[in-house]
Amino acid sequence: MLRRILRRAARYGRKINLNEPFLYQLVDVLAQTMGDVFPEIKEKKEYVKKVIKGEEESFNATLDRGIELFEDIIEKLNKKKKNLFLVKMF
């Protein structure tokens, strides 16, 4: 469930041109704010940052590949559409 939340946040970040990992940078603020309630956040802050950054990088790579594949498919469909149009003309 947490991975889903992180990925959704990363996707929304990309909508506002945050294309590089950014969520991991919030761990410091989270540890400072919630560290008294959840002391393990303070204790494992660097590990949490590393895991979140890795997840963001992995998801960004997946998104980039998906977007590239989608654009290739659209380009091929547009070419077929043009070819089909030319065939109908003649």
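R14 counts as buried, because its relative accessibility is 17% and buried means under 20% relative accessible area, exposed over 50% and partly exposed in between (1.4 Å probe, protein chains only). The side chain of R14 meets that of D64 in a salt bridge at 2.6 Å, N to O, a salt bridge being a side-chain nitrogen of Lys or Arg within 4 Å of a carboxyl oxygen of Asp or Glu. This is a predicted model, in which local features need pLDDT of at least 70 and side-chain atom pairs count only at pLDDT 80 or more, while totals for chains, interfaces and linings use all residues. Residues are numbered from 1 along each chain as its sequence is written, and side-chain values use heavy atoms, with hydrogens and water left out.

**Salt bridges**
- The count comes to seven salt bridges.
- R3 and E55 meet through their side chains at 3.2 Å, N to O, and this pair links distant parts of the chain, with R3 in helix α1 and E55 in helix α4, 52 residues apart; helices are DSSP runs (H or I, at least four residues), numbered from the N terminus.
- R3 is exposed at a relative accessible area of 52%, whereas E55 is buried at 14%.
- K49 and D28 form a salt bridge of 3.2 Å, N to O, and because K49 lies in helix α4 and D28 in helix α2, the pair ties together parts that are 21 residues apart in sequence.
- K49 counts as buried at 16% relative accessibility, while D28 counts as partly exposed at 31%.

**Largest pocket**
- The largest pocket has a volume of about 350 Å³, where a pocket is an open set of points on a 1 Å grid over the protein atoms alone, reached by a 1.4 Å probe, with protein on both sides within 12 Å along at least five of seven lines, and a volume is the space filled by probe spheres set on the points.
- Its lining comprises 14 residues, of which L2, L6, V27, V48 and I52 lie nearest the centre; lining residues have an atom within 4 Å of a point.
- α1 (2-15), α2 (27-34) and α4 (45-89) each supply at least two residues of this lining.

**Loop residue**
- N17 lies in the loop between α1 and α2, and its phi is near 65°, a positive value in a residue other than glycine.
- N17 counts as exposed at 65% relative accessibility.
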